[in-house]
Amino acid sequence: MRRRRKRGGRAGGWRARTLFHAQRTRRRRRSPKNVVTDMLRGVFRCLLTNPVTGKRNMSQSSLAGKVAIVTASTDGIGLAAAQALGQRGAHVVVSSRRQVNVDKAVALLQSQSIQVTGTICNVGKSEDREKLVQMTVEQCGGVDILVSNAAVNPFFGNIMDSTEAVWDKILDVNVKSAFLLTKLAVPQMEKRGGGSVVFVSSVAGYQPMQLWQNEDAVEELKKQLGIKRIGEPEEIGGVIAFLCSEEASYITGETVTVTGGISCRL
């Protein structure tokens, strides 16, 4: 789920109108289907001619001046989210429970010319959550974005075999801590005119899955995916960065699934 202020609308339509007008100037009237085909060909031709430039234009400085906290961000989806936000101009604050992991992530992001600050943070501890937000305000000037990525999964198996201690840990870290960190960050966002909060969860909340160590189970899962492969962290990070940008200003309170088509409703 995600909260943000609503501002502005989406840009678009200029190229489509121009191409349609160009089609009408020809002697022979073209069908709407052909007009759409010509427009798509034009877009694809542009991307194929210079795909690197196309990718850069979509991400260049769209989050410049923003400060983004990303929890559990020294590896996997958290690190990919920090990279995607940083590549779009945000100053990212990365964290982990271990200093050595923080140091490695900071060095990697700095090598990619990303503005980054790192600190130790166990989101299950109130003092660590408070220190994370306070340090971000003091060193970076405020908070615009919170990506709550930290979570635990201490038990695999039949839910009827899980214990009360397992439930307590999952609820404390995955639910309670995420809310309490949001409660600390949102007042800082309000001081800067608003912001974005993204909670990262798992599709297993909709559909239980087998252990990832089981190769046969992974292959069976791939068969259920429309794209027929397991997703990469960077593919999740890009979606997170989009949700934190002005391009997503009219998206709020939504659950966005990035699942390769496993939950496709088309």
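1. Basis of the values. The model is predicted, and local features require pLDDT of at least 70, side-chain atom pairs count only at pLDDT 80 or more, and totals for chains, interfaces and linings use all residues. Residues are numbered from 1 along each chain as its sequence is written, and side-chain values use heavy atoms, with hydrogens and water left out.

2. Overall composition. The protein contains nine helices and six strands; these are DSSP runs numbered from the N terminus (helices: H or I, at least four residues; strands: E, at least two). Of its 266 residues, 35% are buried, where buried means under 20% relative accessible area, exposed over 50%, and partly exposed in between (1.4 Å probe, protein chains only). Among contacts (heavy atoms within 4.5 Å) with a separation of 6 or more, 67% link residues 24 or more positions apart.

3. Helices α4 and α5. The axes of α4 (residues 76-87) and α5 (residues 99-111) come within 11 Å and cross at roughly 30°. Axes are lines fitted to C-alpha atoms, for helices over the stretch in contact, with angles from 0 to 180 degrees between N-to-C directions. The two helices are therefore roughly parallel to each other (under 35 degrees; over 145 is roughly antiparallel, 65 to 115 roughly perpendicular, and the rest oblique). The crossing is right-handed, the near helix being turned clockwise from the far one by less than a right angle. Leu79, Ala82 and Gln83 of α4 meet Ala105, Leu108 and Leu109 of α5. By class, this contact has five nonpolar residues, one polar and none charged (nonpolar: Ala, Val, Leu, Ile, Met, Phe, Trp, Tyr, Cys and Pro; charged: Asp, Glu, Lys and Arg; polar: the others, Gly among them).

4. Helices α6 and α7. For α6 (residues 126-140) and α7 (residues 164-191), the axes come within 10 Å and cross at roughly 25°. This pair is therefore also roughly parallel, and its crossing is right-handed.

5. Valine 94. This residue lies in strand β3 (residues 91-96) and is buried, with a relative accessible area of 0%. Leaving aside neighbours within four places in sequence, valine 94 is in contact with Val70, Ser73, Ala82, Val106, Leu109, Val116, Thr117, Gly118 and Thr119. Valine 94 and leucine 109 are 15 residues apart in sequence, and their C-alpha atoms are 9.8 Å apart.

6. Serine 148. Strand β5 (residues 145-148) includes serine 148, which counts as buried at 7% relative accessibility. Not counting residues up to four places away in sequence, serine 148 touches Thr71, Ala178, Val198, Phe199 and Val200.

7. Positive phi values. Serine 113, a residue other than glycine, has a positive phi near 60°. Serine 113 is placed in the loop between α5 and β4 (116-120) and counts as exposed at 70% relative accessibility. Lysine 228, also not a glycine, has a positive phi of about 65°; its place is the loop between α8 (215-224) and α9 (233-243).
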